[in-house]
Each structure stands twice: as C-alpha cells, then as structure tokens.
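Dear colleague,

Here is the structure I am handing over to you. Please have a look at it first; my notes follow below.

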Amino acid sequence: MTTLLYLIPVALFLGALGLSGFVWALRSGQYEDLDGAAERILIDRDDKPGR
Amino acid sequence: MSCCAPGAEMALDLNGATSVLPSSQEIRLASRSLGDDLRQTDLSVPTVHCAACIQTIEAALGKLDHVESARVNLSTKRVAVRWRGDEVPPFVAALGRLGYEAHLFTPEVDDKDKTLAELIRAVAVAGFAAGNIMLLSVSVWSGAEGATRDLFHWVSALIAIPALAFAGGIFFRSAWNALRHGRMNMDVPIAVGVSLAYAMSLYETINHGDHAYFDASVSLLFFLLIGRTLDHVMRERARTAVKGLSQMAARGAMVMRGDGARDYLPVGEIEPGMRLLIAAGERIPVDGKIIQGTSDLDCSLASGESTPKNVAPGEAVQAGVLNLTGPLTIQATAAAKDSFLAEMVRLMESAEGGRAHYRRIADRVSALYAPLVHLTAFVTFLGWMAATGDWHRAMTIAIAVLIITCPCALGLAVPIVQVVAARRLFESGIMVKDGSAMERLAAIDTAVFDKTGTLTLGQPRLVNADSIDPGMLAIAADMAAHSRHPFSKAMTGFAAPGGQHKFDAVTEHPGFGIEATVAGSTWRLGRRGWAGWKARTGGEGKHGYGGTALTKDGFIVATFDFENALRADAAAAIKRLNDAGVSMQMLSGDTAAACAEVAKLLDIDDFVPCLLPSGKLERIETLAKVGHKVLMVGDGLNDTPALSAAHVSIAPATAVDIGRNAADFVFLRESLLAVPLALGVSRKAGNLIRQNIAIAIVYNAVAVPIAILGHVTPLIAAIAMSASSLLVIGNALRLHGFMANATVQVIQKVRRSAVGYSAQSS
C-alpha cells in the first residue's frame, strides 16, 4: 500500500515528462512538415561520418 | 549569331513553364526581412511530391550565389529560400530549369496555424489524462476497496481537473457561444455531460462512493478531440495549398514619374493617372488606357475569349490580362480597389449567400439529437425520482444516460470519413476545401462548365501540321520560339530535332508577327495580311485575311490552322458525369462558333455563348431557383461570381487566385476526370457518413434502454463508447477499397496521356 504513495507520483511524473516533451516538439515546429519528414529519410547525404 | 542563344533559352522557358517568371523587384517585394541582411522568400511549388524532388531542389538552390539555405516543406508544397545581399538570386529560373513551376506568394504575418497547435496540445493533454485515469479506474474495477479506492478516485479527480479545463475548454467555449446566440450544437451535450459527470464523480468521491465517472468524462473528450483535429487538419491543408498558388494577380508595376524616374510600386499604391510600364509577359495590374505601344493581350482569364486581342494606343485594358508580345505604357484609370478584379470580388461576395445557408450534416443531426439526449436524461431522472425517491440514485443513472448517449460515435462519424476521402482525393491531385463541400457535391444534379481553360486548355493547338511541308514547319517553329504569343507556343513543339536555324536578325512586331532575315531573304510569320504583303490576300484560303501564315519575301509558303486543345479526358469526364445522372451545360464568354465547335466535340447539347460574368451568375441562379443543385466548374475571373453562387464548385489549379479561393475543390492535374472522381468519392463518402450515423443511432437504441434501467456501470459505459467509435472508424476505412480502384484508373489514364504527349512532341 505504501509503495503506491510514491509509485503513483512517479508514474504521473514520467507521464508528464513525456507530455511536456511532446509539447516542446510541437512548439519547435517538428510537426509542420510530416510528409517531408517521412520522405527525407530516403535522401542520401554526401557527408560521410568523420573518422 | 547573336539571336540564337536567347532564342534557345526562351524555348526552354516556354517548354518548362507556361506562366511568366516574376521579376526580381516582385520577388524582393514578396520577401520578408529576417534582420541582419538576411531575407526569406516563400515560393509555392505545386509539383513537389517526393524525396528526390526535395533533394534536387534543396541542392540546386543551395548552390546559387547568396543563397543561405533552402528548405522544402512537402506538406504545404512550399520552398522557403533564405538569401543575402541586394541582388535577388535567380531561384525561380533555377527551379524552372529543373522542371518545377514556382509561384510567389505572400505569407501572412501570422502564418502559423494556432488552432491546430491548440487542438494537438488538447489531444495530448486529454490523452495523457485519459490514460492515467483509466489505469487507476481499472484498479478500482478489479476490486480496490476502502481507502485505496478513495485515494485512486482523488488522484483521478486531480488529473481530470487540468484536462477538463484545458482540453474541455474548446468544447465549453463553443457550447457557450452557441447557447448565447440561441443555437444548439453538438458541443452543448458534450459540455453538459462532461461537467455533470465530473461534478457527480467528485460528490461520490467525497462521500466515499463506489463509482466515479472521471474516466468516462476524460476519455470522451479525448475521442471527440481526435475527430475535431482530423476535421481541422483536412480543411487547413487544402486551404494552405490553395492559398499558396498565387500566380495570376500582378503584385506591382513599374511606375514612370513625371521627371522620368522609375519606381516599382506595389499594386495597392498605384493611383489613377499614374503612367505604368508593362513589359511583354507581365500582367496588367489595374484598369487603364494604353497611351503608347501595340501588343497582343491574352484576355482569356478575364473574358473567356481564347484568341489574343490586338491592342493599340487609346484602347482600354482591364486588370488581370496578360500582355503578350510588346511593351506597353498605360495610364491607370482606377486604383486597384476599384478595378475589374475588385468588381469581380464584390459580385462574388454578394453571390455567396446561397451557400451560407447550407448546414453540415453533422450540425443538422446534432440539432435534432442534442435536445433528445437531454430530454431522455431528464425524463430518466424524473422517472427514477418518482419510482424510488432516491435523488442520488436517480442522478447517477441520469448521468450514465447522458454519458452513454454522448455523441462520441457521432462526433467521429462525419470527420473520419471526410478525412479519409479528402486524403484519397489529395493523392489523386484534388484538394478539398472542407467537409461540407463533399456533402454538397454528393447532392448535385446539374453540372455547368466554363469553356476556356476548363473544357479546353486555353492554349491553341496546331491542327494542320500534317499537311505542312516539314521544312517550312521547322523554320516557323524556330521563329516562333522568339515569341510569347500562344500560337507561337503551340508551334515551338514542331521544331526540327537537329537544332536551331541560324537567323541573322529576328524582330517581333507586336500585334502582327515575327520577322526574320536569313541569307538576304525576309521571312515573316504572323497575320496573313501583314506577312503576305505580296500575295493576293483578298478572300482566299479557309480563314481569309485573318489566318496565320509563313511567308518568304512576301509570298505565302505555309498557312496554319489552330484550334483550342481540349483538356485531357474532357470527353470521358463528360460521359462519366452523364452516366452518374448529372445533366450538363456549358457557359462561355467566347463566341457562339467557338462554343459550338467544342460542344460538338464533347457531345454537350446545352450551351450559352457570349456571357458576361453577371450573365453566368444569373444562369446559375435561375437553375438554383427551379430547384437544381448546381456544380460549377470554371477557372476564369469571369467565372468567379458563378463559382461562389453555385451549390458547389470546382476549379483547376491554373485558375486565377480568387477563382481558386471561391471554389470548393481544386484539381492539380490536367485531366478533367478529376470532376467525376470527386463526385464519385463524395457520393461514396456521403453513403458511409449516413451509415455511420445509422450505426451511432442503433448503438444508442441498444445502449440507452440499458442505461435508463440503471444497469450501466462505468466499465460498460467505457466499453460501449469505445466499441461504437471503433466501429465507426472501421466503417470509414472501407472507403480505401473504393478509392484504390478509382485512383489506379485515373493514374493509368494520366500516364497514358503523358506518354502520348511526349511521343508526339519528340
């Protein structure tokens, strides 16, 4: 029973963390071009990983 | 040879894009400053559609001098270019060379879609709250007792408060707004149900009751918000895409001051009496009178007349027409707000009344449904009060009725179908302004077509190419490459594959034709009377004096016949509409002869030629008065009032700005099959919507009696609600099957005609 007293706040905190992450992503414009984002993974970039 | 290089460039330009490139002043005017010498220009590029396009465009534009970055937005089909310096980088031309037609558009100051962001945030908050409360509720249902249950209820109540305040605010505001104006909408039962459920649950929690309805009230919001967001996304996507295609209205003009100074002024600052310089290829920004120069004007968008009009000093010109061949100086006779264009907007606004009366099917259902729900709940409460005298029990059951009848399925029934349908139409190149447009289209029984630009492409086609000596045709084509005249554009396709002829000099005589000299002889391509100055010109030939001819030293060596090319699949589209039981009419501003020709080709019995914009409007209104539901398909400025007067309207993407804004549907591809396709999908979607509403009603018929009898526990309410929503969504997805077939057919058609076209032109 006592475990619930801290597990519930922990669960809510983690959920709220996810929610605020989503709101941040929304604000920073990451949902503005969903079609473009889906296609962009197909683009090969010339830049090679640094060694 | 000095003339060949520009000729070659011009040919590329003509093949690549039919519209005119905006001047650099225009681009500068449309760009906005980001501070620190950095400017951003937004271009609409309707043909962007895949990863390869993104990469090609971003790489090519990024390589230009002074361009800082270029970013493609595939969802809105726009490119944002950031650049520095005084000189405007030639990005529009660069895009043209890649085969992408780009148009400028002015981004609004407040371009971001605030409502969508708010809706998505509300969905996220409601989803988060619903998920957490549901977890706690499941523990309660599976047997939590006493203090644990109370704790869970209290936590649920705490989570629900911000969710209701934030996510529910959207419904509360709308419901309050409706009630204040004495109306009823879907949001009223939602608002009442949700808040009553919360209040009752809170009361139960305080009194250590067994049941609380926090989960029901929050998950209800969650589902309804999903439906609302989908609805909004569909509308906004089409609207931004339509807005983006601004190409037809001139943004400004070069003004010549009294002291000889020249300024580029935006349209809004042009006043009557100013003298404007209009180069060949520019649109005339305001009504005016020509004071210097001769040229050909393309009036097809303004009057529907397809043949270019020769103009000379002293004649009046209307805003919106395209100056084709020679530079003109005009004196403005009206400011932009008083010009022909503005007149059309006024006609259009006054015509819009008929459509405003249309009420969406969801609103009509909810107007009947909402009072019924409240009445049922109220009667249930009274009934249980009378039977048991226990107000607490009566209230609980009444709330259960309210929750279980809350139009969750109804809220999703309409938008989900419309979103699926709009998405499918979008993939076949048709944009839908909003859901009610599909409902209205499904109801039509009469279709009215404009001729120029809609049934025909508005571009002439050479019809007697086979009977002309190929050598002469090639010479004519090479000469034609130097002109913007529509007949010239039609001829350039017939250039010899070997390359350009070498001309010593090429000059265009605006209003007459093109003259070139080769090895001492003079070739002329243009009006018969002007070109064949040594030929006997009186009364001979099919077209007599007015036809187009190619001459060598004054003797006619070839004559050309042109006709307006029909839009791809026009005949097939008309046939399909006929099969669908829609009667057909053609209205045009063009001459009776030109209309009769097209009508015969397409098998349209009913047509009215020589109509003014107000005439078209009147025809539509007469049809509406005798009870017809009219679909208007048109593209010109002169069609715009008719487009807004009709029950529903469709415009091609090549239409003028205000035409596209007035239309409910815009089709991006050339094929006219878009019209029957949109009709078919709308009718199918209409059927599915009615089915969905029926499902929702049947669900209520089953669930409500159970609730009234007091057998509904929160678990049953939650399951029933989710099940009805899932059923409705599943039904909407059945549209996929129908659309897949229709789309494949259209795509095959388009491919076939594209292959045919390239074979013809190569």
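**Notes on the model**

T205(B) is buried, with a relative accessibility of 1%; buried means under 20% relative accessible area, exposed over 50% and partly exposed in between, using a 1.4 Å probe and protein chains only. This is a predicted model, in which local features need pLDDT of at least 70 and side-chain atom pairs count only at pLDDT 80 or more, while totals for chains, interfaces and linings use all residues. Residues are numbered from 1 along each chain as its sequence is written, chains are lettered from A and ligands numbered from 1 in the order in which they are written, and side-chain values use heavy atoms, with hydrogens and water left out.

**T205(B) and its surroundings**

T205(B) belongs to helix 8 of chain B, residues 187-206. Helices (H or I, at least four residues) and strands (E, at least two) are DSSP runs, numbered from the N terminus. Leaving aside residues up to four places away in sequence, T205(B) touches D150(B), H153(B), W154(B), A212(B) and F214(B); contact here means heavy atoms within 4.5 Å.

**Chain A**

Chain A contains two helices and zero strands. Of its 51 residues, 18% are buried.

Five strands of chain B form an open sheet in the order 18-19-20-21-22, paired antiparallel. Two strands count as paired if DSSP finds at least two bridges between them. Strand 18 (505-509) and strand 22 (555-560) of chain B are the edge strands; each has a single partner, so one side of each has no neighbour in the sheet. From one strand to the next, the twist averages 15 degrees. Axes are lines fitted to C-alpha atoms, for helices over the stretch in contact, and angles run from 0 to 180 degrees between N-to-C directions.

Strand 18 of chain B is joined to strand 19 (residues 513-518) of chain B by five bridges in the antiparallel sense. In this pair, E508(B) is opposite I514(B) of strand 19. Helix 18 (residues 470-480) of chain B lies across strand 19, strand 20 (521-527), strand 21 (548-552) and strand 22 of chain B, and it runs at about 75 degrees to strand 20.

Strand 3 (residues 67-73) and strand 4 (residues 78-84) of chain B also run antiparallel, with six bridges between them. The bridge partner of R71(B) is A80(B) in strand 4. These two strands form a hairpin with four residues between them, and K77(B) in the turn has a positive phi of about 55 degrees.

**Around strand 24 of chain B**

Strand 24 (residues 583-587) of chain B is largely enclosed by the rest of the structure, because four of its five residues are buried. It pairs in the parallel sense with strand 16 (residues 446-450) of chain B over five bridges, and T446(B) stands opposite S583(B). Strand 24 of chain B also pairs in the parallel sense with strand 25 (residues 607-608) of chain B, over two bridges; here L587(B) is opposite V608(B).

Strand 24, helix 22 (residues 592-602) and strand 25 of chain B make a right-handed β-α-β unit. Right-handed means that, with the strands pointing away from the viewer, the path from the first strand over the helix to the second runs clockwise. The loop between helix 22 and strand 25 of chain B holds D603(B), which is exposed at 62% relative accessibility. The phi of D603(B) is near 70 degrees, a positive value in a residue other than glycine.

Helix 16 (residues 435-442) of chain B is mostly covered, with seven of its eight residues buried. Among them are M438(B), E439(B) and R440(B).

**Cysteines**

How many disulfides are there over all chains? The search of the whole structure finds zero, a disulfide being a pair of cysteine sulfur atoms within 2.5 Å. For C50(B), the nearest cysteine sulfur is that of C53(B), 3.5 Å away. For C595(B), the nearest is that of C610(B), at 6.9 Å. C595(B) is buried at a relative accessible area of 0%, whereas C610(B) is exposed at 53%. C610(B) sits in the loop between strand 25 and helix 23 (613-625) of chain B, and its phi is near 55 degrees, again positive in a residue other than glycine.

Regards
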